[in-house]
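Reader: I'd like to learn how to read a few features off a model like this one. Could you walk me through it?

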Amino acid sequence: AEARAHGLQVEAEALKQAFHQAYRAQNQHFPNYGLDRGLSSKQWWLDVVMETFRLSGVHEDKILLPIAEKLYCDYCGKHNWELLPGARETLRKCQQLGIRMAVISNFDRRLSEILAQCDLQQHFEFVLSSENTGFAKPDKRIFLEALRISRVPPALAAHVGDSYLNDYRAPREVGMHSFLIKAAGKPASWETEVPQEHILPSLTYLPFLIEKG
């Protein structure tokens, strides 16, 4: 939609494929938003968006930069984000059970604002983004920082996510529990590596698992 607003005609599927290519390359060359190379996360994302359009055959930077800037701002708001089914219900139930919660994410410094916009931030004691900590999952230091801030021993902490390496193996390497969410109807490459009791068929199963002990 943003491209059309600037008079560009690019196929949605072509943009999608180009984005994945641009994102992978940027993440490979400048991991964790290129912080150790002097980049900011904003510049990192602007470069990804502009490269996405270049790969799709659009090379006019004077048009691409305003598009990239607009998209960066748009993704600070709630309208471009979709909650997992049962997310609010699960967070409320965990709070009722007295579970302390925080966020550990390989996202940039906008994360707290996005959570606030989505009316979710009040559920969490703190938010750790890889940009703010300087460490990205699966680096164990981001988990150790969360444990330090919360003053919770690893054996009493659990991490939930959807990446086998980042959200299952990495927290277990520092002594935490971990669980993976499996999207319904979609096979996961890690299923044979993870015990069935560590797989959540949906977020709403989490409080039941906690109560079960």
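Author: Helices (H or I, at least four residues) and strands (E, at least two) are DSSP runs, numbered from the N terminus. Mind that this is a predicted model, where local features need pLDDT of at least 70, side-chain atom pairs count only at pLDDT 80 or more, and totals for chains, interfaces and linings use all residues. Residues are numbered from 1 along each chain as its sequence is written, and side-chain values use heavy atoms, leaving out hydrogens and water.

Reader: Which residues of helix H9 are buried?

Author: Buried means under 20% relative accessible area, exposed over 50%, partly exposed in between (1.4 Å probe, protein chains only). In H9, residues 164-173, that gives Asn166, Asp167, Tyr168, Ala170 and Pro171. They pack against helix H8 (140-150) and strands S3 (158-161) and S4 (177-181), with contact meaning heavy atoms within 4.5 Å.

Reader: And how many aromatic pairs are there?

Author: Rings of Phe, Tyr and Trp (its six-membered ring) pair if their centres lie within 6.5 Å; planes under 30 degrees apart are stacked, over 60 edge-to-face, the rest tilted. Searching the whole structure turns up eleven pairs. One of them is Tyr23 with Trp44, edge-to-face at 5.7 Å centre to centre and 85 degrees between the planes. Tyr23 sits in helix H2 (residues 12-29) and Trp44 in helix H3 (residues 41-55), so the pair ties together parts 21 residues apart in sequence.

Reader: Is Trp44 buried or exposed?

Author: Trp44 is buried, at 0% relative accessible area, while Tyr23 is partly exposed at 32%.
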